[in-house]
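This note sets out numbered points for a colleague who is new to the structure. Please read them beside the sequence and the model shown here.

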Amino acid sequence: MCSVTTPYEVAVIDEIQMIRDAARGWAWTRALLGLCAEEVHLCGESAAIDLVTELMYTTGEEVEVRHYKRLTPISVLDHALESLDNLRPGDCIVCFSKNDIYSVSRQIEIRGLESAVIYGSLPPGTKLAQAKKFNDPSDPCKILVATDAIGMGLNLSIRRIIFYSLLKPTVNEKGEKEIEPITTSQALQIAGRAGRFSSQFKEGEVTTMNREDLRLLKEILNRPVEPIKAAGLHPTAEQIEMFAYHLPDTTLSNLIDIFVDFSQVDGQYFVCNMDDFKFSAELIQHIPLSLRVRYVFCTAPINKKQPFVCSSLLQFARQFSRNEPLTFAWLRRYIRWPLLPPKNIKELMDLEAVHDVLDLYLWLSYRFMDMFPDASLVRDLQKELDGIIQEGVHSITKLIKISEMQKLLNLESCSPGSPSRLSGTLKGQARRTRGTKAVGSKAAEPPSPDAGGVPLTSRLVQQGLLTPDMLRQLEKEWLMRQTEADKERTESGTQAKGTRRKKKEPNSD
């Protein structure tokens with residue numbers, strides 16, 4: 001987003017260590033080398049110092065390094081939390097998946113405690129509202145459940161950080177998904193949220209949910225942070241246009257592949273992963289746009305896992321190609337405004353996707369003001385949507401409960417006489433369980449049926465997945481269905497015998 005043509009007296013680039021990010025590092029490189037500022041302040045990890053110094057040497061800049069010490073102590077505890085019964089006010093449980101967020105939030109509510117929830121795909125306003133709720137000493141909400149989204153951009157009053165798991169899904173430089181233990185850099189960034197100088201807690205504590213993870217956490221935190229070796233790069237629109245001039249019939253996605261294959265970078269740089277860019281390029285390839293416009297659309301930040309966001313990029317590009325401005329009235333019709341508060345988790349996720357679509361509109365409005373003319377109205381609409389999402393997140397445990405009930409009802413609809421559908425569900429669960437074991441995440445593993453000798457029904461009630469009333473109703477319905485099934489089998493058996501007797505009658509004659 002930063003302008004590399006506007007002159008500034010002072011520019012501040014935060015989280016400079018992100019320059020090594022396999023997908024987004026190019027944006028920090030662009031800011032560092034491109035900003036027109038008399039003075040640039042970089043904030044971040046000391047791991048970036050050597051690389052930044054080398055890069056600035058090549059441009060003839062003067063570099064001054066200042067180290068700052070943490071103003072409050074932080075300690076790694078010698079015991080894990082082990083049970084959510086041991087939670088205290090000021091605790092933050094850090095999860096690396098939305099499913100864990102939902103599960104933990106639900107279990108906390110069962111214990112009569114209130115929790116705030118923060119994860120990456122929430123709108124900024126909702127994150128701030130949840131942070132404010134958690135930070136307020138007079139609010140009954142004393143527990144925070146969050147992803148590593150808390151590591152950047154939020155001031156939180158946390159006493160103790162609890163890692164629910166140390167395994168995090170990542171995407172490597174080749175674009176392949178991996179599940180690996182968090183890095184020292186990530187662990188320090190998250191752990192450092194505990195006992196901040198500006199918070200009410202003057203000392204921070206860090207631990208894990210599971211006892212077996214604690215030793216690994218200590219090992220990770222004690223490792224030295226590896227110096228950053230290279231900064232990310234991304235081909236510019238001008239470079240791609242030059243390639244296109246010599247290869248006029250080549251698609252943008254193929255141009256990117258050719259460019260990356262031919263690129264030679266020295267040891268201080270690497271070419272960032274271009275999969276997201278190519279995904280957008282292939283999505284809108286059939287729409288007639290100039291190469292420069294197509295390039296801009298492909299650099300728009302979208303979550304390709306969200307079908308509605310992807311189809312919106314496609315629709316925006318189509319409107320643009322027809323030279324039809326995307327007005328506020330058109331956008332309202334497109335997202336079917338007004339929207340209602342969510343009734344379950346799926347509807348909450350749908351609202352988050354709509355918020356992302358409005359973000360996309362605003363992002364494009366900075367580049368094409370004439371075609372996306374109603375930025376101020378859309379911003380007001382986005383604030384209104386933010387409020388609706390906040391309402392949903394405020395009652396997230398209720399939404400989780402409703403979603404679980406709906407899943408349970410779907411499971412109940414599998415009759416005893418149709419084992420194929422049920423067995424498919426069980427096989428899917430078995431596959432997921434095996435996948436979890438292969439990774440080694442005990443926090444995410446479902447307990448075995450005979451865990452600790454406690455019956456499955458008792459544990460489901462304890463975890464809040466079943467209430468005693470629901471259990472009694474299920475038992476009643478199951479018995480009724482079993483009776484009906486037995487009756488059907490008896491009747492069919494009688495008919496079969498009758499049929500066999502009829503077949504024998506001719507022979508007896």
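1. In this predicted model, ring pairs join six named residues into one cluster: Phe308, Phe316, Trp330, Tyr334, Tyr361 and Phe372. A search of the whole structure gives 12 aromatic pairs.

2. One of these pairs is formed by phenylalanine 308 and tyrosine 334, whose rings are stacked, with 5.6 Å from centre to centre and 15° between the planes. Phenylalanine 308 belongs to helix α11 and tyrosine 334 to helix α12 (residues 328-335), so the pair ties together parts that are 26 residues apart in sequence. Is phenylalanine 308 buried, exposed or partly exposed? Its relative accessibility is 28%, and it therefore counts as partly exposed.

3. A further pair involves phenylalanine 320 and phenylalanine 368. Their ring centres are 4.8 Å apart and their planes stand at 65°; because planes over 60 degrees apart count as edge-to-face, the pair is placed in that class. Phenylalanine 320 lies in helix α11, whereas phenylalanine 368 lies in the loop between α13 and α14 (375-394), so parts 48 residues apart in sequence are tied together by the pair.

4. By class, the contact of α11 with α13 holds 10 nonpolar residues, one polar residue and one charged residue.

5. The axes of α13 and α14 come within 10 Å and cross at roughly 160°. Angles over 145 degrees count as roughly antiparallel, so α13 and α14 are roughly antiparallel to each other. The crossing of α13 and α14 is left-handed.

6. Which residues make up the contact of α13 with α14? On the α13 side are Leu348, Leu351, Glu352, Val354, His355, Leu358, Asp359, Tyr361, Leu362, Ser365 and Tyr366. On the α14 side they meet Ala375, Val378, Arg379, Leu381, Gln382, Leu385, Asp386, Ile388, Ile389 and Val393. The residues of this contact divide into 14 nonpolar, three polar and four charged.

7. Elsewhere in the chain, proline 7 lies in strand β1 (residues 7-13). Proline 7 is exposed, with a relative accessible area of 67%. Proline 7 and glutamate 38 are separated by 31 residues in sequence and by 8.3 Å in space, C-alpha to C-alpha.

8. As for the protein as a whole, it has 18 helices and 12 strands. Of its 509 residues, 40% are buried. Among contacts between residues at least 6 apart in sequence, 73% join residues at least 24 apart.

Terms used
Residues numbered from 1 in each chain as written. Predicted model: local features only at pLDDT ≥ 70, side-chain atom pairs only at ≥ 80, totals over all residues. Heavy atoms only, no water. Nonpolar A, V, L, I, M, F, W, Y, C, P; charged D, E, K, R; others polar. Phe/Tyr/Trp six-rings, centres within 6.5 Å; stacked < 30°, edge-to-face > 60°. Helix = DSSP H or I, 4+ residues; strand = E, 2+ residues; numbered from the N terminus. Buried < 20%, exposed > 50% of the residue type's maximum accessible area, 1.4 Å probe, protein only. Axes fitted to C-alpha atoms, helices over the stretch in contact; angles between N-to-C directions. Parallel < 35°, antiparallel > 145°, perpendicular 65-115°, else oblique. Left-handed = near helix turned anticlockwise from the far one by under 90°. Contact = heavy atoms within 4.5 Å.
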